[in-house]
Amino acid sequence: MKLKFVIYTFLVLLSFQAISKPIKNRKPNFIIIYTDDLGYGDIGTFGNPVIQTPNLDRMASEGQKWTNFYVASNVCTPSRAALMTGKLPVRIGMESYKRRVLFPDSKGGLPESELTIAEILKMNNYQTALVGKWHLGHLPQFAPNNNGFDYYFGIPYSNDMDRAKGLTYESMFNPKIEDYNVPLMRNSEIIERPADQNKITKRYTEESISFIKKNKDKPFFLYLAHSMPHMPLFAGKDFKGKSKRGLYGDVIEELDWSVGQVLKSLKDLHIDENTYVIFTSDNGPWKLFKEQGGSSGLLFGAKGTSYEGGMRVPFIIWSPKNLQPKVEMKMGSTLDLLPTLCSIANISIPTSVVTDGYDLSPLMVHNKDINPRNEMFFYHATDLFAARLGDYKLYYLKNNPIGYPEKIEKLEKPVLFNLSLDPSEQFDIASKNEKIISEINELVIKHKASVKAVKNNLED
């Protein structure tokens, strides 16, 4: 019996060494969890008083919570294009007034000439997967499998598309599965239509964990792009009716459960210390839908606007042993993820790829007190709506603050806010800050000179 125990212990140690040595020398894994229309004030760690998000709260306390983090657009398609390429959507024809996002009858998509973060990582021996919503073109040439993803499981566009004729605004509040003929796909095959959206968050989670387990011994990139909480809302049976925040809260609490399952799988497989997990949203909350839309918290504006509430999003990054836990108040953007993740993995970005992103790893990973991103440009479709330099944000246009219906107007005089003192954008300080306005205007002139007209991929 003793001999058997000794042999067993020896084999276990050998097995552990065989596993742990490659992990130590292997490139890190990356997981980006991208929610749809989740607002700045929709999770506990960002101030929601009733929605319970214990997994995200723990993720933030063990990792880093960034409070000044932006997406590059206030609606789905261009925001996702920016995440994938590190470029402002206007540079690659993914912004438009005629059609702000791609639809089931759209003939365009993410330009085939653009190199995505998935393609760059794949070139460097990463296993790659997209689980969830794509929304960068449903035709074969624009599909995830042609943009660097080895595996795809999800829906090609928003969950409210392919809708039945005659549906009204009111019908969105009590949706039926059959009202939205959205296909659920595995790679290029439709496996269910309409997708059963009551089960979709659970299925995304299961597919994600399956991919993680399958690739635990290899470097991998998982892009988990949840369909929720985009309207219409659907929640699983274990979550429906549980939250004090109603159906919207049910949906967020199920998303939090999903995050917990992903983190648990990493710990169970002993790869948590070699994995970076990011949680964020594609834009602000869809306030058009009132109590079934989300919250911008203390921020002004919503989805469809380039005010803070439309483009500043919750951002958490977690990686045990690799990140010093903190609340980071310096600026960052989803534009920065491509160069930052490549830097963390010691991967050289091809010289042909010029992004609008900054490498945040000195601040994020090495804890150096620097601020690589000190400016941000806020577009509404193809027009520059506002620009931020340091703490100051200058507006050139105005809009309906809930985004829908859109009402873009040019301001008679630019409006200026100090976002450190006034994150809710209530107090215009333009009249006393001519020098700051001049500095921002100079920055904008240089920026506009760098934006060349390109073929629009949304207006077909």
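Predicted model: local features only at pLDDT ≥ 70, side-chain atom pairs only at ≥ 80, totals over all residues.

1. I begin with helix α6 (residues 246–268), whose axis comes within 10 Å of the axis of helix α5 (residues 200–214), the two crossing at roughly 15 degrees. Since angles under 35 degrees count as roughly parallel, α5 and α6 are therefore roughly parallel to each other, and the crossing in which α5 passes α6 is right-handed.

2. On the α5 side of this contact stand Thr 201, Lys 202, Thr 205, Ile 209 and Ile 212, while α6 contributes Glu 254, Leu 255, Trp 257, Ser 258, Gln 261, Val 262, Ser 265 and Leu 266. Sorted by class, the residues of the contact of α5 with α6 are six nonpolar, five polar and two charged.

3. Helix α6 also packs with helix α2 (residues 54–62), here at an angle of about 55 degrees and with the axes 7 Å apart; α2 and α6 are therefore oblique to each other. From α2 the contact draws on Pro 54, Asn 55, Leu 56, Met 59 and Glu 62, and from α6 on Asp 256, Trp 257, Val 259, Gly 260, Leu 263 and Lys 267. The contact of α2 with α6 comprises six nonpolar, two polar and three charged residues. Trp 257 is listed in the contact of α6 with α5 and also in the contact of α6 with α2.

4. Trp 66, in strand β2 (residues 64–70), deserves a separate look, being buried with a relative accessible area of 0%. Leaving aside residues up to four places away in sequence, Trp 66 touches Phe 46, Phe 315, Ile 317, Glu 328, Lys 330, Met 331, Gly 332, Leu 360, Leu 363 and Met 364. Gln 52, by contrast, is 14 residues from Trp 66 in sequence and 20 Å from it in space, C-alpha to C-alpha.

5. Is helix α8 (residues 337–344) largely enclosed or largely open? Seven of its eight residues are buried, so α8 is largely enclosed by the rest of the structure; the buried residues of α8 are Leu 337, Leu 338, Pro 339, Thr 340, Leu 341, Cys 342 and Ile 344. Just after α8, Asn 346 takes a positive phi of about 60 degrees.

6. As for the cysteines, Cys 342 counts as buried at 1% relative accessibility, and Cys 76 is buried too, with a relative accessible area of 2%. With a cut-off of 2.5 Å between cysteine sulfur atoms, the count of disulfides comes to zero.

7. His 135, in the loop between β3 (127–132) and β4 (151–154), has a positive phi of about 65 degrees and counts as buried at 1% relative accessibility. Ala 381, in the loop between β11 (375–380) and β12 (383–389), has a phi near 55 degrees and is buried at 0% relative accessibility.

8. One joins Met 228 and Pro 229, with omega about 5 degrees, and Pro 229 lies in the loop between β7 (220–225) and α6. Another runs from Tyr 404 to Pro 405, with omega near -5 degrees, and Pro 405 is placed in the loop between β13 (392–398) and β14 (409–418).

Notes
Residues numbered from 1 in each chain as written. Heavy atoms only, no water. Axes fitted to C-alpha atoms, helices over the stretch in contact; angles between N-to-C directions. Helix = DSSP H or I, 4+ residues; strand = E, 2+ residues; numbered from the N terminus. Parallel < 35°, antiparallel > 145°, perpendicular 65-115°, else oblique. Left-handed = near helix turned anticlockwise from the far one by under 90°. Contact = heavy atoms within 4.5 Å. Nonpolar A, V, L, I, M, F, W, Y, C, P; charged D, E, K, R; others polar. Buried < 20%, exposed > 50% of the residue type's maximum accessible area, 1.4 Å probe, protein only.
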